[in-house]
Amino acid sequence: MIPSYIGELPLEKLNLSFNMLQGEVPAQGVFRNASMILIVGMDDLCGGVADLACLCFVAIDVSQGRRPLLNNLFKYQILRVSYAELLNATNEFSEANLLGVGNYASVYNGILDQDQIVVAVKKLNLQLRGALKSFMLECKALQAIRHQNLLKVLSACFSIDFHGNEFKAIVYEFMVNGTLDRWLHQNGAEHEYLKVIQRLDISIDIAFALEYLHCGCEPTIIHDDLKPKYGMGDMVSTLGDVYSFVILLLEMFTGKTPTDNIFKDHQNLHSFVKNALPDQVMDIIDPRIQLEHNNGSWINECMVSILTIGVACSSE
């Protein structure tokens, strides 16, 4: 058993790995900071602070693509990173490294010096109300999922910054090709646009990932952050995820964003596409698709099929 008095000792770090310890992990002293202790290779421990349980989702062998059972969470070697390492990797979380901002967190790109790994660091804004709860729910969800179309989690950091403030972050693999938004709307060179088959592949991959979250996880996981917009409902649901997905689908093949200036007088992307089906569909698709295929008959049938699904699934 772990003696309770260890939690009362003035320790900065503690490594108890690969010992035949069992019972409950204390929740005081050094055990209060999950990033300061290491308990790899022990399957008979329970208890401890919530952050320690939250760390279970990073105890995976990424190279093998395997995920341990909940009673064997610490079997595999994990990538351990400190606050100082993440600070250095992201140029002190500079604006130049900022990839995006969400409801409760900001995401930065960076390079970990230890292995020269390019990563995306999701830094929680603990000053926002509800941020910690959202973060813990995300951790709980991440510990149960594993899918080829979902971003891989490399590590997590639960620590204290240099000002004595609590710091929490999740470290993901970095997607080097950039965002879908950039490929759809911001690439200037003609050769950089997404071809039809690429747009279709991306759509199918997203659909498979959503199906896994909705139907392959217990309990069901709702993404709740698919871009560009959610809908008019005030409750998160799988229906909202589907709505967001097909609005994205319509955007991908028309090249129009849901906030495009052409949508006035109660018209939106859904009605824009619906009014063009099926005979005028070639008039509303991304002009680059038309140039790519020179108005072949098969591309018309393909666009009608895809956009019909989009309209059906984006009904209010």
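Visitor: Which residue lies over the face of F93?
Guide: Keep in mind that this is a predicted model, where local features need pLDDT of at least 70, side-chain atom pairs count only at pLDDT 80 or more, and totals for chains, interfaces and linings use all residues. Residues are numbered from 1 along each chain as its sequence is written, and side-chain values use heavy atoms, with hydrogens and water left out. A charge sits over a ring if NZ of Lys or CZ of Arg is within 6 Å of the ring centre and within 35 degrees of the ring normal. At 5.5 Å from the ring centre of F93, the residue over the face is K123.

Visitor: And what lies over the face of Y193?
Guide: Here it's a lysine again, at 5.3 Å from the ring centre. The residue over Y193 is K195.

Visitor: Is F93 buried or exposed?
Guide: Buried means under 20% relative accessible area, exposed over 50%, and partly exposed in between (1.4 Å probe, protein chains only). F93 has a relative accessible area of 12%, so it's buried.

Visitor: How many aromatic pairs are there in the whole structure?
Guide: Rings of Phe, Tyr and Trp (its six-membered ring) pair if their centres lie within 6.5 Å; planes under 30 degrees apart count as stacked, over 60 as edge-to-face and the rest as tilted. Searching the whole structure gives a count of five.

Visitor: What kind of pair do Y83 and F162 make?
Guide: Their ring centres are 5.0 Å apart. The planes sit at 85°, so this pair is edge-to-face.

Visitor: How many residues apart are Y83 and F162?
Guide: Helices (H or I, at least four residues) and strands (E, at least two) are DSSP runs, numbered from the N terminus. Y83 is in helix 2 (residues 83-89), while F162 is in the loop between strand 8 (153-160) and strand 9 (166-173). The pair links distant parts of the chain, 79 residues apart.

Visitor: Which cluster do the ring pairs build?
Guide: Ring pairs can join up into a cluster. The linked residues are Y83, F93, Y108, F162 and F167.

Visitor: How many disulfides does the structure hold?
Guide: A disulfide is a pair of cysteine sulfur atoms within 2.5 Å. C215 is in none, as the nearest cysteine sulfur, that of C217, is 9.4 Å away. For the structure, the number of disulfides is zero.
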